[in-house]
Amino acid sequence: MMPTPPESGTAETRREDEDAELIRRVARGDREAFASVYDRYSRPLFAIALRVLNDAREAEDIVHDVFIALWNKAGDFESDRGTAFGWCVTLTRNRAIDRVRARKRRGELLAESAPADLGYDENQAENADSGDMLWQKEKAAVVRQALESLPAEQRSALQLAYFGGLTQQEIAAKLREPLGTVKARIRRGLLKLRELLPQGL
Amino acid sequence: MIDERTEEAASLYALDLLDGAEKSDFESRLRRDPSLRALVEELRVSSTALALLAPEAAPPDALRDRIMASLPAHDRPVRTSSEPAAVSPIPFPFAVWTGWATAACFALATAYLASLYVGTSRELAAARDLESVARIDAESARQLLEAERLLAQAQVADLRNARVQIANLERQADVARLKISSLASLLSDSPHAQAVAVWNPEAQEGVLSVSNLPALPADRDYQLWVIDPQYPIPVDGGVFTVEPASGDAHLHFKPKEPIKDVSKFAVSLERKGGVAKAEGPMVLISP
């Protein structure tokens, strides 16, 4: 069964248009718009950085750097190439992954790397008290439902691939599977996810 | 028709799991194949959705204030992707140009000595080109200085001193002991960032030439580290910032400790003013 999108296509499009307009205003030096973007995105971006790095202080640094980059590069955002939120997520993940890889190069031991199962606990989530948080929770529920419909081995491979900051070989070693098998699971899982997720999520 | 192997590469690319030759080969194919580009774009969107699975977490309230305080004090000029970047005058203090003139002459000397070191006709030709470029750079720097009215008699004297230094270097018997290292980027969103470090072990000093590094917020600096196996931690080589427009920087460095043997050079991102021991992420490193 296909997951149900959190909002109608029209409402989702309207939100994306609002976000894109905020970014255009940030490009014009509008601090109020920048503060609005922070209020909309800081929680999910911090959550992503924390998930990758397992270190709140480093996650804070990443979010700080992402928003400064957003201020400096807002003029580079092109709305016909994707959503503003997707752009910020990519900036955050890239920086967090860079930090993970830099840790390895300095020879420091990583904190226990990403478990195969995210272990999401709904009871730990704060009560949604804003429209933004409610919107994020609903979208997350759709993605989680889609992911749950994948075979466990494809789920594990995708989660490690996205959050782990690992190379292909390291993912295979972590899962104790041949590299070819892991690549095939990532391919099948991501293609299936593409089919299951509603357009414009 | 896109086969399974290509779908696999597209999935790995969308998740930033391709690197090296695999990545550059795939990117060559991407440039030629619009249907492959469309597939990668769809897979990127799907992979980005995975971000929503991160357990909810709120940043500390103070982070908002810290970020707002890091923004420049004055409003930026309007810039959109269809407009050229605004150009604002960059202050050129006297000491920067003295250092630039010295570094340019040191770069001249280095290019000349490197040409002796490499020894083959093809490498010698490349070194001669490098020397010409360095001379052109030095000449451009001198012309800029004159235009800004910052070049004074003391700077001419500095150039004479630099020529004396060049002559001293030329008298040094063992040119082969100069260490020239290239540093590659560790930043996935700035893959073209790079640097060249030229280290003179006898003089215990060197020059670092950086290009395409991203500009930093006001509370951060890049910091050079010299890795010498005799020390348990990398040795501080000094901090630097890049020119915002080009991402370039030139640093004349003297490490804080005597260096016996350089195994690597590295650049990290640190707090403003630098740190005694590397804390931040590495952004450039030599092999």
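1. Confidence first. pLDDT is the predictor's confidence in each residue, from 0 to 100. This is a predicted model, and in residues 80-89 of chain B pLDDT stays under 50. For that stretch the model has five contacts beyond four places in sequence. Where pLDDT is low, the predicted coordinates should not be read in detail.

2. Overall scores. Chain B has a mean pLDDT of 80. In chain B, 69% of the residues reach 70 or more. The model's ipTM is 0.81 and its pTM is 0.55.

3. The interface in outline. Chain A gives 70 residues to the contact, and chain B gives 59 residues. About 6200 Å² is buried between chain B and chain A. Carbon and sulfur atoms give 60% of that area.

4. Polar links across the interface. Chain B and chain A are joined by 11 salt bridges. Between these two chains there are also 12 residue pairs in polar contact, with both residues at pLDDT 80 or more. On chain B, the elements that give two or more residues to the side touching chain A are helix 1 (4-14), helix 3 (34-49) and helix 4 (61-70). Helix 3 of chain B supplies the largest share, eight residues. By class, this side of chain B has 32 nonpolar, 10 polar and 17 charged residues.

5. Salt bridges in the whole structure. Over all chains, the search finds 24 salt bridges. Arg93(A) has a relative accessible area of 6%, so it is buried. Asp16(B), at 27%, is partly exposed.

6. A salt bridge within chain B. Asp236(B) and Lys256(B) meet through their side chains, at 3.5 Å from N to O. Asp236(B) sits in strand 5 (residues 235-240) of chain B, and Lys256(B) in the loop between strand 6 (249-253) and strand 7 (264-271) of chain B, so the pair ties together parts that are 20 residues apart in sequence. Lys256(B) has a relative accessible area of 57% and is exposed.

7. Glu279(B) forms a salt bridge with Arg271(B), with 2.7 Å between the closest N and O atoms. Glu279(B) is partly exposed at 40% relative accessibility. Arg271(B) is also partly exposed, with a relative accessible area of 44%. Elsewhere, salt bridges that share partners join Glu60(A), Asp61(A), Asp65(A), Arg66(B) and Arg220(B) into one network.

8. Arg185(A). This residue belongs to helix 8 (residues 179-196) of chain A. Is Arg185(A) buried or exposed? At 14% relative accessibility Arg185(A) counts as buried, because the cut-off for buried is under 20%. Its side chain makes a polar contact with the side chain of Glu177(A), at 3.4 Å. Beyond its neighbours within four places in sequence, Arg185(A) is in contact with Glu153(A), Gln154(A), Ala157(A) and Glu177(A).

Notes. Residues numbered from 1 in each chain as written. Chains lettered and ligands numbered in written order. Heavy atoms only, no water. Contact = heavy atoms within 4.5 Å. Buried area = accessible area lost by both parts, 1.4 Å probe. Salt bridge = Lys/Arg side-chain N within 4 Å of Asp/Glu carboxyl O. Polar contact = N/O pair within 3.5 Å; in protein donor to acceptor, adjacent residues only side chain to side chain. Helix = DSSP H or I, 4+ residues; strand = E, 2+ residues; numbered from the N terminus. Nonpolar A, V, L, I, M, F, W, Y, C, P; charged D, E, K, R; others polar. Buried < 20%, exposed > 50% of the residue type's maximum accessible area, 1.4 Å probe, protein only.
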